[in-house]
Amino acid sequence: MAKPQIQETNETPEGAKSSYDKWVETEGIPVIRTFFIEDIRTVHLEPWERKGGNGAFLQMEGAGQVNNCYMCEIAPGKSLKPQRQLFEETIYVISGSGATTVWNHENQKQTFEWQSGSLFSPPLNTWHQLYNGSGSEPARYLAVTTAPTMINLLHNLDFIFHNDFAFNDRFDARQGYFNGEGTLFSGDFKGFKFAGNVWETNFVPDARGFKLMAYNERGAGGSNIKFELSENTTACHISEFPVGTYKKAHRHGAGAHVIVLGGEGYSLIWPDGAPIKKYQWHEGSMVVPPENWWHQHFNAGNRPARYLALRAFGSKKYQGVSKRYQGAVDRKKGGAQIEYGDEELIVRQWFQEALAKRGVESQMAKHYEKSA
Ligand SMILES: [Fe+2]
């Protein structure tokens, strides 16, 4: 008897819209539905009444209805309107400089400054207001939020946007909350010990220059750092891999918004049994691998390649929301990673061709040996 086939999907039936989709339509800004953005620095934005700046939603196919992404630009010398909302939001500053004020109570306001490359998250449901610090240049940022999960679950916009509850366990209004200091977080979940590369902080001054730690499990001399920001349930990380190398393929849940911070190369992305898609990237490119699709990142340039991944959930501190994938364990051992020795030969051939075009030498021989 044939095995029953079950197809899982996050898509809503033809013609049906989720509560989140309906809310997006009422925001009155462009909605870009795509798989890949070549350059977030040049995406066209339009006036956004609720925020008081210019904006657009980047509705990435690989995000499903788990998390979303939007961009916002603050005009020179201007500020956005104060906001608060019952979903988590992680902000990456693309260009410009400015400041953010955060408060639960008027008398406990605190302000911190940011610049291009900064990363932070206004704690859940705190009031926050962003200011452009320049009188001549716009300030542009990108944010990934859990709005789809929260709006679809509660489907009550009043509760999401006009809720007085103060999460004092997330934001205690202590001075220095956003001073950029941090500590290495270590933990244990059902016997699974974390590597020491989780940095707990509430402000990263410059993700492009942040010092990373060795991360050999994902191959080829790579390094990374994972962040726990503002007691969030969502997480993010920075990953870097050397010239002449590429990472092992792996897969996981939806919503990891991969933003290239530096270098150039390409990613291969494919679901089981389907043709491989190839996306060329450089600083400012963004791609989101859909749930359970294999993906693999290649440095084809002549400097280290670095990206920031703003993810859905995945906090090491607050676990249990999302399915756990063992993204750094061999798939032959039940994990979700393809070892170098098991990859298709065409993968190596494409990499050789890409390097040859730029006159860069492959550094992969020693990594193939280790992985054999
Ligand atoms: Fe990934």
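Is Asp164 buried or exposed? Asp164 is exposed, at 65% relative accessibility. Here, exposed means over 50% relative accessible area, buried means under 20%, and partly exposed lies in between (1.4 Å probe, protein chains only).

## About the model

This is a predicted model: local features need pLDDT of at least 70, side-chain atom pairs count only at pLDDT 80 or more, and totals for chains, interfaces and linings use all residues. Residues are numbered from 1 along each chain as its sequence is written, and side-chain values use heavy atoms, with hydrogens and water left out.

## The iron site

Three histidines coordinate the iron ion: His250 (NE2), His252 (NE2) and His295 (NE2), at 2.1 to 2.2 Å. Donors are N, O and S atoms within 2.8 Å of the metal (3.2 Å for Na, K and Ca); water is not among the atoms, so sites may look incomplete. Along the chain, the iron donors follow the spacing H-x1-H-x42-H.

His252 and His295 are both buried.

## Salt bridges

Side chains of opposite charge can pair when their charged atoms come close. A salt bridge is a side-chain nitrogen of Lys or Arg within 4 Å of a carboxyl oxygen of Asp or Glu. The whole structure has 21 salt bridges.

One of them joins Arg84 to Asp164, with the closest N and O atoms 2.9 Å apart. The two residues are 80 residues apart in sequence, so their pair ties together separate parts of the chain. Arg84 is buried, at 13%.

Asp206 and Arg208 also pair, at 3.1 Å, N to O. Asp206 is partly exposed, at 24%. Arg208 is partly exposed too, at 33%.

Methods
Helix = DSSP H or I, 4+ residues; strand = E, 2+ residues; numbered from the N terminus.
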